[in-house]
Every structure is written in C-alpha cells, then in structure tokens.
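Subject: The structure we talked about

Hello,

Here is the structure I promised to pass on. Please open it next to this message, and my notes follow below.

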Amino acid sequence: YPPERIRNFSIIAHVDHGKSTLADRLLELTGTIQKGHGAQYLDKLQVEKERGITVKAQTATMFYKHTVENPESHGTDTSSYLLNLIDTPGHVDFSYEVSRSLAACQGALLVVDAAQGVQAQTIANFYLAFESNLSIIPVINKIDQPTADPDNVKAQLKRLFDIDPSEALLTSAKTGQGLSQVLPAVIERIPCPPGNCDSPVRMLLLDSYYDEYKGVICHVAIVDGAMRKGDKISSAATGRTYEVFDVGIMHPELTPTGVLYTGQVGYVITGMRSTKEARIGDTLHQAKTIVEPLPGFKPVRHMVFSGVYPADGSDFEALSHAIEKLTCNDASVSVTKETSTALGMGFRCGFLGLLHMDVFHQRLEQEYGAQVISTIPTVPYIFEYGDESKVQIENPAALNFNAGKRITACWEPTVIATIIIPSEYVGPVIMLCSERRGEQQEYTFIDANRALLKYRLPLREIIVDFYNELKSITSGYATFDYEDSEYQKSDLVKMDILLNGQPVDAMATIIHNQKAQKVGRELVDKLKKFIERQMFEITIQAAIGSKVIARETLSAMRKNVLAKCYGGDITRKKKLLEKQKEGKKRMKRVGSVDIPQEAFHELLKVS
Ligand code: GTP
C-alpha cells in the first residue's frame, strides 16, 4: 500500500460516548473481527473489561474497499485502503496516552453523545487533536436514544469549535444506523500520511509492552522508508542497534508481514531485553545512518505519589517481582524503593492520577495476586530552604521541618479544571470549588441550559474525592477534566499521626494550613473506627510539629474470641482460632498497635 492508500486515524471522545463500541463496529464492518464476540475487542486488559474503560490505547489495522463514481467512464472505481484505527482512553488520567496516539494520526473521529452533548473531555480531546493539526470528523453517536438531540449538539460544536454543522455524521453504534458513512469520510476527509518512501527508514516508537513468549513488542509508526525482517535498526535515544526479528501489523492480533512501509503503523520485535530499552517517543532508524530524531512526546508528569507496601511483610520479594512485571507494561508509573518504620520495605510509586493509581493496585491484585497496603496519596510539593536550595517532596515522611535547615517557602502544583454542568447546579459547584481553594477563571454558557466553568485548583484538592463529590452534588450530571498548570506559593504544613505517642511515618501528610484542623480530626476519627480495641489503651493523635490538633483514645479491652463459645466443641474452637489468625494476617503491627489494612484504605479517602 502506497501512502495515498493509507489512513491513520483515532477515535476521541468523552468517557462513555461510545468510542470503543464504534471501534468494534468498524472492525466488524471491515471483517477484521467476527460479529458478536461479546465485549469490546480493543479493551484487552481485565480492568478495562470490568470497569468498562479504556486504559491503554490499542491499534488495529483494517482493509477496506472504497468505491467512488468515475465521471469519465460513467461507472465506479473501487480501490482498497489500509486503515489504522488507534483507540484511545477517555479518562482524564490517561490523556497522556491520547496525545501519544494522536502523534501517529492525520485525523480523528470526534465522537459526541447525541443526548449528552459536548462534555469536559470532548473539549480537552478536541484541543489535543486540533493542536496536532489533525483533520477532525465530528460523529454524533447514539442517535437511537429517545433523548437524542443532534441539532443541539451541532450548535454546540459550531459555537465551541467552529465546526460546520454539515460536517457532522449521525450514527448509532448500537443499531448500526449511519455507520456506512464513517469509513468513506475517513478516506475522503483525512489526508494520507506524509513521508518519503525512498529515504532510509525512520519511525516513531509509540508504545511498547512485554510478552512472555515474544519479548519486547514495540508499536511503531513508519515515517520514512521501509523496514524489513532482518534489517538493522538503531535507537536515536540510546544509540543501540538491533536486528529486526519480526515485523507486521495488528490485524487485530499480531500478524507478521515481513515489511512495513512509509505511513504504516505496526509492530516490530527486536532483541530488546526490557521495555526500558524501548523508550516511548524515541526515533528508531536504519542503522549506520544519521537521521533527524522525530519530535518525541512530552515526558510523563506524575501527579500523584503513594507508598505501596506488601500487606504481609514477608511478601516483599513477591511484590517487587509483581511491580517489575507490571511496570514493563505500564511505563507511565515511576517506582523507587523506600523503607517505612511502620510498614517495612516497599515502594514509592508515581501515577498520572488517582484512577491510574487505582487501576495499578487492581492490576497488582488481579494479575499478580499481590496484596498491598498503600499510603495516603500525595502530590509533588516543592520546598525552598534558607540557602535557596529547592527540593521536590514526594513522600511526606521525608520532609523534616526541624532538620536544621529553615524552610522559607512552599509551592504546590495546580491544575486548570473544566467543568460542564446543567445551569441549575452552578451554585453548588462554585461553592465546592471555593471550598477546595479554587480560583474562578471562566464562567460561560455552551447552550441554553449548560454552563462551562473553569477554575484554577490546587492538585491536592482534586485528587481525593473531588470528582465523586462533584458528581453527587450535580446528580451525576457534571463532567470534569483538567490539565496541569503551574506551581503556586502555598502555606503548607506537615501533619503527623501518632499512635501511643509514636509518629507513624506511613500516615504523615502534607497539607494546607487552613485544612489541617479538619483533616486531622477526620483522620483521627477514621482511625478510631477502624483500629480494634486492644489489650491496652491506645491514644491516636494528629499533630503539627509538637502541637496536637486532634486526639482520641481507644480504651483497653481483653479480647478473647473463645469466651463466646461455651461447651467444648473443638472444631468450632479451631474454626474461630483460624478466623482470628486470618484476621491477623491483614493487620499491620505498628509499634505495639495492630492496624487493619482497611484503616489504610479509609485514610486514602480523607480530603
Ligand atoms: P471508554 O472506553 O470508557 O472511554 O468509553 P467509550 O467511549 O469507549 O464508550 P463505550 O463504547 O464503552 O460505550 C459506552 C456505553 O454506551 C456502552 O454501554 C455502549 O453499549 C453504549 N453505546 C455505545 N454506542 C451506542 C449507541 O449508538 N446507542 C446507544 N443507545 N448506546 C450506545
């Protein structure tokens, strides 16, 4: 296929507007997959199937015969096209994956739900595509719904993005209505990939993952030239050279073709030993040639950090192994070893957002059977000392206000949040944003009854429970998206939690001074609820420096499970003892106090 017969496109949309379903229909339409395979084909990970969200972008190649009228012969001409469809995740945490997928495309289908209209991520995704100079085809989907109002959506697209209403395709990925227009529009409206077929091969590394049998598999977009099996290619980032063992397309499974030409998207397997060698955004090129590296991607910015510890101390090796394997397939997580006095050896992990963190924990449990305790999530703060040196703090326990160095200033990361809501909810949302220390940037209407609010908010204020609260005060109608913005000066303090006078390093947090009292109270109350009474009295305190700001006491109790079973039924006794032992397993002993795993989980939710 010459570049003129290739189209690389992506589907972008707000969560749940139907892009995975539409992708499935297009794959069926082109015979790439069988009809009625059940779940969404491109969502391969178990978490994706369970949560119905797309986490990792997937690519599939389709072949399509396009027929056009030929005015000269008064007949029709049919040509075969190679179409690469790159599915992208919709959730805000994964917008990094979206911008990566767009780098390999010349166009995008912008899917909008006909009933819900433009939502926060529609706006974010539109601008990602627009800034990458992609041709955008608006697709108004779910027109089968009784509340569908495609004309209103067309008006929104015109007002917000200046999209001509006549460009919109109307579809239902559910009933199949309108789907036949989609691929012809892709061919007619999206340009073919640029590139020079005669130059030495040059390609962009889009993604990589590790396969137990095949080794490192790289997804690549060929920008110039062709790559054949047996070729030698080099990495512009590391200078290392590799032999091409296998090359092919995703159709939708790996399908060897022996060669990839200019404009194609496909996979390559070389002798790379780990995904660390396959740097996403790197340029791979013909060995022994000097090429201009392609513009790569913005480095990943980790927004949320949390400690990950084995639930049972002896499992450290197993956890370490599981994390290593998982990060092979999710290079967007950063991992460093750390030790906590309370929890022993573990890891400090950096994530793109809270959902990303949740998904990581869930994958650790589901795919690798690892039971973990994670610590209160924190954002990367910057502290400046009297000598003007600055440090980024990703673990509150590492911050020592009394270490001889005086802290002279603190900064916290902020985001610009876009919120779209029916106008009757504007009041409560403004209140929520100001409670969360937000600063209003914009307040407009996108149609007769929907408002758009823009706020600058400290990242710390939105990572915990902001989205849930926003959803609950707007009866689920609000949509929300954010992009990272600059750091702002802030009045931050470190809050310690003390059990029987001993600070628990894994429970320390950094927090805005104004919020300390409220959060301290909540943390102490939560802990009191979750720590069971033990054989001695336990005091639970929240403190800033030496000042205690909240305190609770759990009175002592003599716990004897066997006292409940009268009579000497030995099996019952055994069962109870077993149960107690099991209960123990899920405890962490901190100093002399046993803390159940759930207490750590609950602490994550305090905002
Ligand atoms: P993420 O992958 O999580 O970003 O979501 P998505 O945009 O891929 O949405 P998905 O395809 O998972 O669709 C969301 C829901 O809408 C599913 O329950 C689909 O069955 C449903 N859906 C998709 N297209 C249509 C449609 O045309 N009409 C109707 N009525 N429902 C649809």
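Let me begin with a contact between charged side chains: Arg521 and Glu552 form a salt bridge, with N and O 2.9 Å apart. By salt bridge I mean a side-chain nitrogen of Lys or Arg within 4 Å of a carboxyl oxygen of Asp or Glu. Because Arg521 sits in helix H12 and Glu552 in strand S31 (residues 547-554), this pair ties together parts that are 31 residues apart in sequence. Another network, built from salt bridges that share partners, joins Glu412, Arg437, Glu461 and Lys515.

A word on what you are looking at: this is a predicted model, in which local features need pLDDT of at least 70 and side-chain atom pairs count only at pLDDT 80 or more, while totals for chains, interfaces and linings use all residues. Residues are numbered from 1 along each chain as its sequence is written, and side-chain values use heavy atoms, leaving out hydrogens and water. Helices (H or I, at least four residues) and strands (E, at least two) are DSSP runs, numbered from the N terminus.

Back to the charges. Arg521 also meets Asp525 in a salt bridge, at 3.3 Å from N to O. Why can these two reach each other? They are four residues apart in helix H12 (residues 513-530), so about one helical turn separates them. In general, an α-helix has 3.6 residues a turn, so residues three or four places apart point the same way. Asp525 is partly exposed at 35% relative accessibility, and Arg521 is partly exposed at 31%. My cut-offs are under 20% relative accessible area for buried, over 50% for exposed, and partly exposed in between (1.4 Å probe, protein chains only).

Helix H1 (residues 19-29) holds a pair of this kind too: Glu28 and Arg25 lie three residues apart there, about one turn of the helix. Their closest N and O atoms are 3.2 Å apart, which makes a salt bridge. Glu28 is buried at 13% relative accessibility, whereas Arg25 is partly exposed at 23%. H1 is mostly covered, with eight of its eleven residues buried; among them are Leu22, Ala23, Leu26 and Leu27. After H1 comes Gly31, with a positive phi near 70 degrees. Over the whole structure, the search finds 16 salt bridges.

Now to a sheet. Four strands form an open sheet in the order S18-S19-S17-S20, with antiparallel pairing (two strands pair if DSSP finds at least two bridges between them). Strands S18 (334-340) and S20 (372-374) stand at the edges with a single partner strand each, so one side of each has no neighbour in the sheet. On average, neighbouring strands of this sheet are turned by 30 degrees against each other, direction ignored. S20 is joined to strand S17 (residues 304-310) by three bridges, and Pro310 stands opposite Val372 in S20.

Helix H8 (residues 354-368) packs on this sheet and touches S17, strand S19 (344-351) and S20, its direction making about 20 degrees with that of S17. Contact means heavy atoms within 4.5 Å; axes are lines fitted to C-alpha atoms, for helices over the stretch in contact, with angles from 0 to 180 degrees between N-to-C directions.

Finally, is Leu319 buried or exposed? At 2% relative accessibility, Leu319 is buried; its place is in helix H7 (residues 316-329). Leaving aside residues up to four places away in sequence, Leu319 touches Val308, Tyr309, Pro310, Phe347, Leu364, Ala370 and Val372.

Best wishes
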